[in-house]
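Subject: Structure for you to look over

Dear colleague,

I am handing over the structure we spoke about, and below it you will find my notes on what came out of it. Please read them with the structure open beside you.

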Amino acid sequence: MKIWVDADACPGVIREILFKAATRVKVPLILVANQAIKVPASEWITSIQVMQGFDVADDEIVKRAEAGDLVITSDIPLASEIIDKGALALNARGELYTADTVKARLNMRDFMETLRSSGVHTGGPSALSQADRREFSNQLDRLLTKYLRKNKK
């Protein structure tokens, strides 16, 4: 298993949780962004800088991720492509996407885009709360524990 991070939009507090987890569990963590991302010195943590452009980082993650990998993203179309490849997708609020939830989220995203294009102000997501951070950390821990158990056998 590798953990791929859509790092352009990943909150710093979530990155810190991921840095600690990757080092503790000894699982490769790769941050992909279209800007330089500072990462701690660790054999388990790397970053890839891609060219500027719409969805370039997403496309790189889709190209490299494999079945069984984990992708950290809040990008619904990216999560959908990842799930189609047999990988897992988790957002910064600790929601593990499934084929069903991604489909529903894509529909809602399209609906909200229609509203915005017709001039309706829809607002943005709320700030990441302490409860969101805790849920992300707990969900990540569950996934990594499951991975470790499966690979001990």
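The protein chain has 153 residues, for which a compact globule would have a radius of gyration near 15 Å, and the value found, 16 Å, agrees with that expectation. Please keep in mind throughout that this is a predicted model. Along its principal axes, the C-alpha trace of the protein chain spans about 50 × 30 × 30 Å. The accessible surface amounts to about 9,000 Å², with 53% of that belonging to carbon and sulfur atoms, while 37% of the 153 residues count as buried.

As for the fold, the protein chain contains five helices and six strands, which follow one another from the N terminus in the order β-α-β-β-α-β-α-β-β-α-α. When contacts between residues at least 6 apart in sequence are considered, 49% of them join residues at least 24 apart. The protein chain carries 22 positive and 20 negative side chains, and the centres of these two sets are 9 Å apart.

Helix H4, covering residues 99–117, has 19 residues and reaches 27 Å from its first C-alpha to its last, close to the 27 Å expected at 1.5 Å a residue; H4 is followed by Gly119, whose phi is positive, near 95°. Helix H5 covers residues 130–152, and its 23 residues should span 33 Å at 1.5 Å a residue, which agrees with the 33 Å that separates its end C-alpha atoms.

Which residues of H5 are buried? They are Asp132, Phe136, Gln139, Leu140, Leu143 and Leu144, and the elements that cover them include strand E1 (3–6), helix H1 (12–25), strand E4 (70–72), strand E5 (88–90) and strand E6 (96–97). As background to the spacing in that list, an α-helix has 3.6 residues a turn, so residues three or four places apart point the same way.

Asp132 has a relative accessibility of 16%, and because buried means under 20%, Asp132 counts as buried; leaving out residues up to four places away in sequence, Asp132 touches Ala92, Arg93 and Ala127. Gln139, also placed in H5, has a relative accessible area of 13% and is therefore buried as well. Once its neighbours within four places in sequence are set aside, Gln139 is in contact with Leu90, Gly94 and Leu96.

Arg24, in helix H1, has a relative accessibility of 54% and so counts as exposed; the C-alpha atoms of Arg24 and Trp44, which are 20 residues apart along the chain, are separated by 9.5 Å.

Technical notes: Residues are numbered from 1 along each chain as its sequence is written. This is a predicted model: local features need pLDDT of at least 70, side-chain atom pairs count only at pLDDT 80 or more; totals for chains, interfaces and linings use all residues. Side-chain values use heavy atoms; hydrogens and water are left out. Helices (H or I, at least four residues) and strands (E, at least two) are DSSP runs, numbered from the N terminus. The radius of gyration is taken over C-alpha atoms; the globule rule is 2.2 Å times the number of residues to the power 0.38. Buried means under 20% relative accessible area, exposed over 50%, partly exposed in between (1.4 Å probe, protein chains only). Contact means heavy atoms within 4.5 Å. Accessible areas come from the Shrake-Rupley method with a 1.4 Å probe; for residues, only the protein chains shown count as cover. Lys and Arg count as positive and Asp and Glu as negative; His and the chain ends are not counted. The place of a charge is taken as NZ of Lys, CZ of Arg, CG of Asp or CD of Glu. The expected span of a helix is 1.5 Å times one less than its number of residues.
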